[in-house]
Amino acid sequence: MRGLTWDYLIRRVAMFFVTIWLGATLIFIIPRLAPGDPVAAMVSRLQAQAGYIENSAEMIEAWRRRFGLDGPIWLQYLKYMRSVLTLDLGYSLAYFPSRVEEMIVDALPWTVGLLTLATLMSFVLGNLIGALMAWRRTPGLIRNLLPLTLTFTSIPFFMLGILLIYLFAFTLDWFPPSGAYARGVEIGLNWEFIKSVIHHGTLPALSIVLTSMGFWALGMRGMMITNEGEDYMILAEAKGLNPFRVFWKYGIRTAVLPQVTALALSLGSIAGGSTLVEYIFAYPGMGYLLYQGIVNTDYTLIQGIVFMLILGTATSVLILDLLLPLIDPRITYERG
Amino acid sequence: MNATPTFPASSPAPPNGQRDDVVLRVEHLKVYYATPQGDVHAVDDVSFEVYRGEILGLVGESGCGKTTTAMAILRLVQPPGRIVGGHIWLDGIDLVRLSERELRRLRWDKISLIPQGAMNSLNPVLRVGEQIRDVIEDHEGRQPRKALKERILHLLHLVGLPSRVYNLYPHELSGGMKQRVCIAMAIALNPILIIADEPTSALDVVVQRVVAETLLRVKEELGISIILIGHDMGLMAQLADRVAVMYAGHLVEIAPVRPLFKTPLHPYTQLLIESIPSIKERKPLKLTEGLTHDLRNPPPGCIFQFRCPHVTEGCRTRRPMLQDVHPGHRVACFLYHEAVASGGTSPQR
């Protein structure tokens, strides 16, 4: 009766593709609803820079073709869908000869590395703090100190980022203020490079972990307090079990389930990067790329990044759906 | 092999005052719940004994302190409740005075619980086998997996469950099966006392019967004493050897099951037994008039005075103590105390 069935897998994967199709369609529709013509805007921008441009009308026409903006709307849509299916995200409007997928491939590893680590660290620390805050047996001293760790939650992470740069980069000079690795270091799997990456990643990661930890902690605390009143917790107590076993297997193990769902969603949104953190630390990830796209009204770049975001979220939800029954036995692969 | 604990099944000796096979002695137990308006006297000066190998029924209406008494015996009264006074002697040890650490070692090893809501009393994310295994290993230390599994399977069979239950999760079991898992768990370490808190309340009558029979088997085959809490008087009549009746945090009557049902003495017990619904006839419902007093301010005198049909002036000023009226039949009511006194037999204690 348990176990992964073909039926379940097919339904979930179908759902995955429907989600992506819907997302892609939205990305197609929304910019076209917005007023203005990106190509005309670009040409007029060029005009403003270079003065008069000859044959501007023809140029606009040519560029429209280049970017698939000619022809009736349904034809545009079909072409767009074909390029989405082949993961052909087109040329960047602002950095013209560069292709969007190349820019994303360059930026994605940085973001995924930084944010995955930061999110996981924040998840583990936050949940542990939250669980300890709720646990009856937590020593009083620790219980009183724990809320202090959450004060950073009320500070916006970009503010904390600026604070960290000021403190640890400019005043103390322990960490570099920007970039992902030191100049002149050979990129590759060598110790120098890895050390440099960790060195550069510490401050951005810290600003994310410190500020987002509270979110996990408060959720976990609430779940644990609800849990404490459950009959199985009282029975666990009556059984005279080791308090740590009660804490882990009866407390955290049952309280963490909704948190795992939230984790999957936030891991999924990583593909979009953390724009402000990456901007402040000039970290060459997706967020920084998105910032550049917005500043330059680079529609294709923005579309590409948003599409990656949709892809990432849908993928992590799919993985979550496949993994959840392993974590919570009450969820089965059965329908219903 | 310690998988099947076998006590000699002792038949209850004639109850004549002090007996030497007392397993649990509760003395003047007081449990109060703190509220902003003052303490609620949930259990007030309750004393009773449980003998080896007997089922003691603890009955009374909702909120009378049955479950609180049971939880106090396990030292599991949840805040804002607290044990204010009294002693709970289990096998010569006063549970009220034990430290957390000593308590943890003693729990389940000597006294276990069949919880009220068996539906939600099993950890939803652990398999049945693991939940029985953890209690055994935490008390007896690590053990070879195979022998341990054998032992757990034996426990499951003892309560009439098939082996496959070992690998199932609680949500895959029916209510009756979960309740029997709880019974199997309760006897895992062969305790001397089991507290069964309304073990059948959420079950239909057929399953109730199965669970009741399982409890009887546990008592008879393993010689474990059971405190059976509930308000199902029919079930009590079937299972209990003695019955204690609680009202508003006080014990008002305690007697062997037959005399209690045949000649209930305390007016409250009488009303309680008269109000048992019958499938043969429709009786007018009793016990409707009058409410229980505010448990924060118990009145001086008898706690049942507001609802008692036989109340006298004396009941309003003096509080009747639990006294022997017949050997083993104790009641807290002046109606009988005076009769006993005038009859010349001095009440024992």
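Predicted model: local features only at pLDDT ≥ 70, side-chain atom pairs only at ≥ 80, totals over all residues.
I started at A:Glu237 and listed what it touches, skipping neighbours within four places in sequence: A:Arg136, A:Arg137, B:Leu76 and B:Arg107.

Next I checked where A:Glu237 sits. It belongs to helix H9 of chain A, residues 231-238. Buried or exposed, I wondered about A:Glu237? A:Glu237 comes out at 13% relative accessibility, and the cut-off for buried is under 20%, so I put A:Glu237 down as buried.

Then I followed the link to the other chain. The side chains of A:Glu237 and B:Arg107 form a salt bridge, 3.8 Å from N to O. How many salt bridges are there between chain B and chain A? I get 5. For polar contacts across this interface, I get 12 residue pairs, with both residues at pLDDT 80 or more.

I looked at which elements of chain B face chain A. Helix H2 (100-106) and helix H3 (128-140) of chain B each give two or more residues to that side. H3(B) gives the most, with 6 residues. By residue class, I have the chain B side down as 11 nonpolar, 8 polar and 8 charged.

Last, the interface totals. I count 27 residues from chain B and 24 residues from chain A in the contact. Together the two chains bury about 2,500 Å², and 58% of that is on carbon and sulfur atoms. Which residues of chain B lose the most area to chain A? I noted B:Arg104, B:Val125 and B:Asp138, together 22% of what the chain B side buries.

Methods: Residues numbered from 1 in each chain as written. Chains lettered and ligands numbered in written order. Heavy atoms only, no water. Helix = DSSP H or I, 4+ residues; strand = E, 2+ residues; numbered from the N terminus. Buried < 20%, exposed > 50% of the residue type's maximum accessible area, 1.4 Å probe, protein only. Contact = heavy atoms within 4.5 Å. Buried area = accessible area lost by both parts, 1.4 Å probe. Salt bridge = Lys/Arg side-chain N within 4 Å of Asp/Glu carboxyl O. Polar contact = N/O pair within 3.5 Å; in protein donor to acceptor, adjacent residues only side chain to side chain. Nonpolar A, V, L, I, M, F, W, Y, C, P; charged D, E, K, R; others polar.
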